[in-house]
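Subject: Structure handover

Hello,

Here is the structure you were going to look at. My notes on it follow below.

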Amino acid sequence: MKKGMVGFIILVLTLCSYAQEPIRIGIAPHSSARIIMETHHDVKSFLEKQFGRSVEIVTAKSFSEFSKRCNEGKSYDMIITSPNLAYLAQHIAHYQPLMTYTKGLETIILSRTPDVLTMAKYPLRVAGQDPISFATLSAQEWLEKKGLHEGKEIVYTYYTSSSDSLATILISEASDMVIMSWPNYMKLSDEVKAKVHIFYHSPAAPSRIYLAKEGNGISFAQWEAALEAFVRSPEGKAHLETTKLEGFKKLSLDALQDLKPIADKSYHRLQGEQP
């Protein structure tokens, strides 16, 4: 058998083996697993049609666990994650940014009353989802600028709970303030919203980032083409209607460079340090 024919057969067998492997999309745990699966169903169904392969949507119990998996570079073919963790995935595991949403991330701090700083006992008890979640880091930076420092005026507690559980922690007086993203606040029931006060609402920051890397039979150019097609598709439009994230924006390979300071803080915390 000629060498050319042997090479062709090997190529076909390789492509067939990839076709049997699912494509794994990792999504940061900004909401419950159920909500993540529901809000990204259109991404999943489009990519299955685009590549002719099954697609698995995968998340993790915490941002820290998710980031560690991303940084290992073996668990996911594409990831959708917060800006600080996107920077780490690019520089540690060689994922490359593809696109983001036009609606930025907004962080809020909730309290039971507007006068929490004067009425609560110090140190204030503040609850967040994870020490490296973008909302947590953004809120902590703002509180520090207000003179409220960890270990002095504030004691932080982190939960893997969803936003409605954090609100319950606040209402039950187990915490003086809680941190969450604006989209998660909007998912709270009207009854819960009536019992809490928005103590701080941040300006919009960079939004969640789509990144991918070559592997599992898909080149980076194919990922670019797939997402460009998704943006124009009915599934892409349906996804925006579901998530309320307005639109998509293509990113250059160097688009995340300004995120280095918050990414460095995230990395130190992942390593068990507390900057």
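How close do the axes of helix H3 and helix H12 come, and at what angle do they cross? The axes of H3 (residues 41-51) and H12 (residues 234-243) come within 9 Å and cross at roughly 170°. Axes here are lines fitted to C-alpha atoms, for helices over the stretch in contact, and angles run from 0 to 180 degrees between N-to-C directions.

Before the rest, two notes on the source. This is a predicted model, in which local features need pLDDT of at least 70 and side-chain atom pairs count only at pLDDT 80 or more, while totals for chains, interfaces and linings use all residues. Residues are numbered from 1 along each chain as its sequence is written, and side-chain values use heavy atoms, with hydrogens and water left out.

Overall

The protein has 13 helices and eleven strands; these are DSSP runs (helices H or I, at least four residues; strands E, at least two), numbered from the N terminus. Its C-alpha atoms fill a box of roughly 85 × 40 × 30 Å along the principal axes. Of the 275 residues, 49% are buried (under 20% relative accessible area; exposed is over 50%, partly exposed in between; 1.4 Å probe, protein chains only). Among contacts (heavy atoms within 4.5 Å) between residues at least 6 apart in sequence, 78% join residues at least 24 apart.

H3 and H12

At that angle H3 and H12 are roughly antiparallel (angles over 145 degrees; under 35 is roughly parallel, 65 to 115 roughly perpendicular, the rest oblique). From H3, Asp42, Val43, Ser45, Phe46 and Lys49 meet Glu235, Ala238, His239 and Thr242 of H12. By class, three nonpolar, three polar and three charged residues take part. Ala, Val, Leu, Ile, Met, Phe, Trp, Tyr, Cys and Pro count as nonpolar, Asp, Glu, Lys and Arg as charged, and the others, Gly among them, as polar.

In H4 (residues 63-72) the buried residues are Phe63, Ser64, Phe66, Ser67, Cys70 and Asn71. They lie on the same side of H4, because they cover an arc of only 160° around the axis, taken from the directions from the helix axis to the C-beta atoms. Their packing partners are strand S1 (23-27), strand S3 (78-81), helix H5 (83-93) and helix H13 (260-270). After H4 comes Gly73, with a positive phi near 75°.

H4 packs on H5 at an angle of about 25°, with the axes 8 Å apart, and the two helices are therefore roughly parallel. Phe63, Ser67, Cys70 and Asn71 of H4 meet Leu85, Leu88, Ala89, Ile92 and Ala93 of H5. This contact has seven nonpolar, two polar and no charged residues.

The axes of H5 and H13 come within 8 Å and cross at roughly 80°, which makes H5 roughly perpendicular to H13. Asn84, Leu85, Tyr87, Leu88 and Ile92 of H5 are in contact with Lys260, Ile262, Ala263, Ser266, Tyr267 and Leu270 of H13. Eight nonpolar, two polar and one charged residues make up this contact.

His201

His201 is found in strand S9 (residues 197-201) and is partly exposed, with a relative accessible area of 35%. Leaving aside neighbours within four places in sequence, His201 contacts Glu106, Thr107, Ile108 and Trp182.

Regards
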